[in-house]
Amino acid sequence: MSTASVELNTPDVIQEDFGDDMVLLNLRSGEYFNFSERSRAFIDAILKGVSPAELIGSIAEVNNDVGKEAENFYTLLEKHALIRPASTPVVPHDATLATSILAAGATFPFDFYDDLSDLIAADPIHDVAPEAGWPVRA
Amino acid sequence: MNSVARAVQNFARLALNFAQHQLSAQPMQKTFCVAGQNIGITESERVALDWLDGQFTPQTGPVKNRIYADYSNWASNFAPASAVLVGMSELHVDEYLAAVNLRGSFYGPLNRWEFFDPESRIGIRLQTHPSAYPEWEPTAPFANFLNWIMMADGKTVLHAATLGLKGKGVLIAGPGGSGKSGTTLAGILHGLSTVGDDYVVVDTAEKMTAYPFFHKIKQDVSGLSRVGLTLNSDVTVPLNWQNKYVFDVRKIAPDAAVDRLNVIAVLLPEITNRSNTTFSPASAFEILQALAPSTMKQLGGDRRATFRTCAEISRNISGYHLHLGTNPAEISARISEFIGKAK
């Protein structure tokens, strides 16, 4: 895992905050996500420039099992193309950040919804026969 | 910007120039007003004009928004080749056109393009044949254009129903089958008012206000039966594409149709089969989930902006789960109490 900073994968990904929750919509996939508890605190930290790798390391120093959960959570963020490497310098953090993330909740929930995905997946334009001249359902 | 984006943008500009030319040469054939915006329609052949009757209020002033509907297959000579469009999604069309401050939609199964320029307020529909329209068109005519016109006016069209009392009201949001239309019907038959049971125009400036979009409401036979209605000469009209009857709210509740409501909350109905109707708080995310996906799916145009607006509404308004009882009069009475208590 890179020790570089990351940023939101804009403009494909839109962020909306709702108090303790953060909602991310990926317009490329149609998936949207609701992050709360430790997930919200973790994302907040890495979007402020804290290195994900260093933060996961700090969490693991406090609690190794939770460190593994944080790593799994971060892998999902990457897998769903919600974040990307950034060129901005890494923002240093201290041990209190890891403890505050642990205190934000009991888990790293990764709630995602795909009921908008058919805007992409069932797209009428996708399965076409190019030789037909105009797009038609293949 | 890639070559597909450029092809779509260039085609949109060409089509809108064509519309400008046609509109300067031909008179408006139908005019009407939606939420304060006067709109004029001109068609190359008479196809959709009759579907507009009874859906909107009459024109109230100069027409600022003009739509030209072409059914001559003009687009076949100018549209991007299908090979260029392979892999393009509806969201791509939104994005490509938003980048040049245009709105548009492509409905692949019927090769139908629609474009709108928010600056000039001119729109064009390019349909390959007079009968090549989507099945929902007769009951929701020109819906994309109306949505884009509302957006250009700073308003938002939401997929939601409404009920009101003495000028205050609630949005009723949720997926198909959750009970939106049935709840609306129960309410208007028992003294509540409405500005619509399917789509609604919302203005979020200062007090959130809802205005009618389409004036007709729809319900299937079993839904009519649940609220004690039987089919008669007033409501027996052809079934729409969803096997629902579409009728003017004024036919069954003459005083129920109002021209605006101040929105105080969003209700998320759930059919429970319990005897009594109850309320429980819903989170901002639950409101967003009820409003955004169905609105984004059903209305073309800048879906990014739609999501943002739904999020803003969700943050700024109270939401409640509405656990529906089975008695329409009781449902209406509980909603009436709920609205009446709101400050």
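Me: How many Å separate the centres of domain 1 and domain 2 of chain B, taken over C-alpha atoms?
Reply: Those centres are 28 Å apart. This is a predicted model, where local features need pLDDT of at least 70 and side-chain atom pairs pLDDT 80 or more, while totals for chains, interfaces and linings use all residues. Residues are numbered from 1 along each chain as its sequence is written, with chains lettered from A and ligands numbered from 1 in the order in which they are written.

Me: Which residues does each domain of chain B get?
Reply: Domain 1 of chain B takes 3-152 and domain 2 takes 156-341; the bounds come from an automatic or database domain assignment.

Me: And how many residues of domain 1 of chain B are in contact with domain 2?
Reply: In chain B, 22 residues of domain 1 contact 20 of domain 2 (C-beta atoms, placed from the backbone, within 7 Å).

Me: Which element gives the largest share of domain 1's side in chain B?
Reply: Helix 4 of chain B, with seven residues. Helix 3 and strand 4 of chain B also give two or more residues each (helices are DSSP runs of H or I, at least four residues, and strands runs of E, at least two, numbered from the N terminus).

Me: New topic: what does helix 1 of chain B bury?
Reply: Val8(B), Phe11(B), Ala12(B), Ala15(B), Leu16(B) and Ala19(B) are buried there (20 or more other C-beta atoms, placed from the backbone, within 10 Å of a residue's own; exposed is 12 or fewer, partly exposed in between).

Me: What covers them?
Reply: The cover includes strands 3, 4, 5 and 6 and helix 3 of chain B.

Me: What share of chain B is buried?
Reply: Buried residues make up 48% of the 343 in chain B.

Key:
Contact = placed C-beta atoms within 7 Å.
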